Amino acid sequence: MTNTPTAAPVSPAGAAGPSRWLRAYHPRPAAAARLVCFPHAGGAANAFTALSAALPEDVELLAVQYPGRQDRRGEPCAQDLSELASGAAQALAGHDGRPLFLLGHSMGALVAFETARLLEERGSVARLFVSAARPPAQDWQEPDLALVGDEELTAGLRRLGGIPEPLLADPEVAGEILRLLRADHRALLRHRCTPDTRVAAPVTVLLASADPKNSLEQMGDWARHTAGGYEITALSGGHFSLVERPGESAPPLARRIREDLARPAPSGASAPSGASAASAAPDAEPLADLVRELMLEGLAGRTPRLTTDLTALEAAAGEVMAPEAFAYVSGTAGSGATGRAGRAAFDRRQLVPRMLRGTRRTDTSVTLFGQRLPVPVLLAPLAAQQVAHPEGESATARAAAATGVAMVLSTFASRSLEEVAEVAGGHPRWFQLYLPSDRAVGESLVRRAEASGYGAIVVTVDATHLGFRPAELDSGYSPFLRGTGIANFTGDPAFRAGLPADADATATVLRWAQISTDPTLTWKDLAWLRGLTRLPLLVKGVLHPDDARLALEHGADGVVVSTHGGRQLDGGVSSLDALPAVRAAVGPDVPVLMDSGIRTGSDVVKALALGADAVLYGRPYVYGLALDGERGVEHVLRCLLTDLGLALALTGCASLADVGPHLLANGDRR
């Protein structure tokens, strides 16, 4: 058996002795709040040891120890989850008055939920965190483990992760794990909860991007089980991300706890005994979390590392990037007229806010090609991101997963599509394709994208010829000719097959330059690509309504209205101006996305009002990457999504279905 980390049994105020139920691995008597953690089926209190160490000094973690395991092995396992909740609630009833936050992982989420219900009869719970768990009234669709053999059950544990392989390989340890798992699972199968059962505390759902047991769609019903507000926080990793990645899990937990501690008590309520601030108000507003967070930081004399003005990021990035790299990222075609028109089109249109619509929360989710995305924003496929930061697309993928934004990876990425897929885990991602003149290489790229879990192919058609870009030409700089942005080719077997055995870096780059794009492309080539894959296929770079119709006729499932960020044709129409006619040409049911010129949340609302289902967000996140790596990208996206949520609420929209041209002054469709 493995050694159990030393834990101090907790003695609630007024208790005769230490509690059998609570363990403190890092006692913090001066902490402002306590986070009480409930383990998964088969788990024990020590599952939270690493998370306890990762939390800041102002949060003390108490782990619940269920009977039947470790130092309580001599006691029978609980027959029902209500037994576990009752025991934990009794142990916590005499706590010392610091605000209590409950966190349950997997089965532990149901125990935490029932414990919160019991505690609210005597006091209050500041917030309930639930991780890797479906809502309590849902059918968890779990099998009866009494009917599952040891080998099959062990194989299932390996697939889920969370238990080190040496433990599963030890017959004695593995047998104990399976014993506890089956006992806890019997209690789980007996649990019943009606859809109208609620707690007063707000609920934060922790959803890991690659969790094979839970999805975003399943989490929505947690909202009906709370009277205090509901939100979802994205984590990277799998089912056991909470305990396997404590360095990633602890910051959002601590941030939310601190916000709740700083929030004033609602009118008529008093703060918990021994606390200077109340637990979360039942009417806690989730829309402006970032706003509150930054205001609270300001009270402590701290300001954001990066500006929250998304229109000022370009200038800030220009101060830190190499001049030639900045010219590559920020440059536009010719005189820059198309780029300026892209921004002017957004500035020309005005939103008309509506009042008293009860939009305390907004639903920003959208369904594209059968997949539900939490926000109508995807990261545009910007090439060669290593020119902005050494980690390039890998840092971007981590930030995208952390904020719930899907990523579209460029063919010309500085990290291979397999590398980015590994970083992204189960988070949604698409692959943008420049169809090479060597069709074998094109087919290989598509097959690799399919094998790596990319959910759609976005074929770009507006760059078969490189635009005339003075900023790049004046600096004589191309990242690709220096070997940056061709990672998807250098490791591709079909591409390597076209190189001589002794090819050096120069020969490799020249081969890439020869075949990477194809100026002879026609609509027949799109039909060929359609026959190659069953993935959803979008055509990016459409501005004329007739081209949108042709795209659909030749097999496309959707279109992206785009000027390539103003980098291709100088003096062209803006994407926003072209959008209404494209939407009219394809009808209401075909997914239409758009990019070019989008900077703020209000810009996103304007694009949606004129017919877009979602937008691709480009340069600002790369400026964030240049300024602060992964944290910079995450900051930019959090600003954008906060601004988007507030823009929807202030225009009276409870969901994206409420958005339409009526939001624009004079119903402007121009």
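This is a predicted model: local features need pLDDT of at least 70, side-chain atom pairs count only at pLDDT 80 or more; totals for chains, interfaces and linings use all residues.
Residues are numbered from 1 along each chain as its sequence is written. Local features need pLDDT of at least 70 and side-chain atom pairs count only at pLDDT 80 or more, while totals for chains, interfaces and linings use all residues; side-chain values use heavy atoms, with hydrogens and water left out.

Helices (H or I, at least four residues) and strands (E, at least two) are DSSP runs, numbered from the N terminus. Strand 12 spans residues 406-409. It runs parallel to strand 11 (residues 377-379), to which it is joined by 2 bridges; two strands pair if DSSP finds at least two bridges between them. A406 of strand 12 is the bridge partner of L378. Strand 12 is also parallel to strand 13 (residues 429-433), with 3 bridges between the two, and V408 has W430 of strand 13 as its bridge partner.

Strand 11, helix 14 (residues 392-403) and strand 12 form a right-handed β-α-β unit. The β-α-β crossover from strand 12 through helix 15 (residues 417-424) to strand 13 is right-handed; that is, with the strands pointing away from the viewer, the path from the first strand over the helix to the second runs clockwise.

In a regular strand, side chains alternate between the two faces of the sheet. In strand 12, A406 and V408 on one side and M407 and L409 on the other are all buried (under 20% relative accessible area; exposed is over 50% and partly exposed in between; 1.4 Å probe, protein chains only).

S575 lies in helix 23 (residues 575-586) and counts as buried because its relative accessibility is 1%. Neighbours within four places in sequence aside, S575 is in contact (heavy atoms within 4.5 Å) with L543, V561, S562, T563, M594, D595 and S596.
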